[in-house]
Amino acid sequence: MFHSKISGLGFYVPDNVVTNDDLSKIMDTNDEWIQERTGIQERRHIVRGQDTTTTMGVKASKIAIERSGISYDAIDFIVFATISPDYYFPGPGVALQKELGLNTVGALDIRNQCSGFVYALSVADQFIKTGMYKNILVVASEVQSLGLDMTDRGRGVSVIFGDGAGAAMLSRSDDDSAILSTHLHSEGEHAKELAVLAPGMGGRWVTDILADKNPDDESYFPYMNGQFVFKHAVVRFSEVINEGLQANNLLVSDIDMLIPHQANLRISQFIQKKFGLKDDQVFNNIQKYGNTTAASIPIALTEAWEQGKIKKGDTVVLAAFGSGFTWASAIIKW
Ligand code: UT7
């Protein structure tokens with residue numbers, strides 16, 4: 001059986017910085033509340049007409065491809081994770097294929113919310129393990145800002161999310177570097193605790209929303225039962241990290257770097273404390289970018305790598321939790 005390794009990483013965030021003070025000018029919130037509850041200081045929002053989910057994914061991908069040294073012609077497959085596609089359908093995988101000028105390779109769209117990148121990585125890993133493909137571009141990109149309720153009503157959610165993209169080239173490994181395991185989970189019972197319910201074919205479609213003309217309609221904005229999600233997140237993060245470690249006969253002390261999905265700095269700090277990890281064993285950048293859903297892990301992974309915090313031979317753990325509920329981990333020998 002073959003193994004896969006990450007051969008290149010890249011990320012892109014829009015230039016437009018939105019600080020907590022900026023938000024406090026348009027809704028009833030303040031820097032102190034946001035920093036204390038989430039750790040976020042600022043996030044990026046796209047400027048309409050300048051960036052989309054696809055264009056950000058393309059920019060992140062170009063960096064990852066260049067760093068991998070893999071030629072565009074040698075890319076066998078695309079896996080693209082997002083909850084904020086440019087179109088209802090088709091998904092952005094095909095747009096990425098076009099924009100990068102790739103061969104007519106397969107493009108798979110993944111929609112597993114905050115766990116999307118780890119799910120995408122897992123799928124790509126299986127294709128490489130079987131020998132079917134050698135180089136797979138794994139991309140996660142999100143434009144959250146255009147879909148948020150930027151009024152007082154939406155402040156519990158809107159201050160948290162940001163825009164951005166990350167990409168990883170996954171290649172057949174020719175040495176000890178490997179994705180050792182991935183573990184994926186879901187619990188649909190809690191689907192509505194963190195969700196955008198409309199438009200959807202099971203409920204209300206766009207035409208229904210327009211016909212209703214209801215100014216109190218919140219169904220097309222993200223809803224989050226924050227404390228409920230928080231409580232589940234800390235439990236599931238811990239479980240899925242332990243599951244990955246145990247599957248590989250590793251101990252917590254073997255972790256060189258934990259990259260948690262950037263949901264809330266308090267969640268990351270809770271996990272760090274629970275596992276007894278030192279500050280240099282956990283990487284966070286939610287302070288600068290907010291929660292970028294599927295893109296948060298590849299953005300953080302790329303920044304950690306760029307800052308020299310991940311070295312050859314390290315044991316790197318990725319862990320995610322989010323809407324669905326879905327949660328996942330990946331244990332990587334760098
Ligand atoms: O990425 C996917 C996974 N996501 C997560 O894991 C997120 C999990 N949840 C959380 O991170 C936190 O629950 C939040 C950051 C979303 C909220 O923090 P919280 O400590 O749970 O606050 P809360 O929702 O219980 O709200 C506390 C108070 C409320 O006021 P009252 O009822 O106590 O008077 C809110 O109305 O804070 C108020 N509030 C705000 N105040 C200022 C809510 N949002 C804001 C705001 N600015 N933006």
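Predicted model: local features only at pLDDT ≥ 70, side-chain atom pairs only at ≥ 80, totals over all residues.
Residues are numbered from 1 along each chain as its sequence is written. Local features need pLDDT of at least 70 and side-chain atom pairs count only at pLDDT 80 or more, while totals for chains, interfaces and linings use all residues; side-chain values use heavy atoms, with hydrogens and water left out.

I begin with the overall division. The protein chain is divided into domain 1 (3-175) and domain 2 (180-333), with bounds that come from an automatic or database domain assignment. The C-alpha centres of the two domains lie 14 Å apart. Their contact (heavy atoms within 4.5 Å) takes 47 residues from domain 1 and 52 residues from domain 2. Between them, domain 1 and domain 2 bury about 3,900 Å², 65% of it on carbon and sulfur atoms. Buried area here is the accessible area (1.4 Å probe) that two parts lose on being put together, summed over both.

I turn next to the annotated site. Which residues does the UniProt annotation "active site" cover? The unreviewed entry lists C114, H261 and N291; UniProt positions are given in the numbering used here, feature names are shortened, and such annotations may be inferred rather than shown by experiment. These residues span 178 residues in sequence, yet no two of their C-alpha atoms are more than 8.8 Å apart, so they gather at one spot.

C114 lies in the loop between β5 (106-110) and α5 (116-129). Helices (H or I, at least four residues) and strands (E, at least two) are DSSP runs, numbered from the N terminus. C114 is buried, with a relative accessible area of 8%; buried means under 20% relative accessible area, exposed over 50%, and partly exposed in between (1.4 Å probe, protein chains only). Not counting residues up to four places away in sequence, C114 touches residues including H261, N291 and F321.

N291, in the loop between α10 (286-289) and α11 (296-306), is buried as well, at 4% relative accessibility. Beyond its neighbours within four places in sequence, N291 has contacts that include C114, H261, Q144 and F161.

The next element is helix α9. Its residues are 265-275, and the buried ones are L265, I267, S268, I271, Q272 and F275. They cover an arc of only 160 degrees around the axis, which puts them on the same side of α9; the arc is that of the directions from the helix axis to the C-beta atoms. On the other side of α9, K273 and K274 are exposed. What covers the buried residues includes α2 (31-38), α8 (226-247), β11 (257-260) and α10. At the start of α9, a side-chain oxygen of N264 reaches to within 2.7 Å of the backbone nitrogen of R266. The helix is followed by G276, whose phi is positive, near 65 degrees.

I close with two further positions. Is D51 buried or exposed? D51 is buried, with a relative accessible area of 5%, in the loop between β3 (42-44) and α3 (53-68). Leaving out residues up to four places away in sequence, D51 touches Y12, P14, I46, M56 and K59.

A330 is found in strand β13 (residues 326-333) and is buried, at a relative accessible area of 0%. Among the residues that A330 touches, not counting those up to four places away in sequence, are V118, L121, S181 and V317.

How values were computed
Polar contact = N/O pair within 3.5 Å; in protein donor to acceptor, adjacent residues only side chain to side chain.
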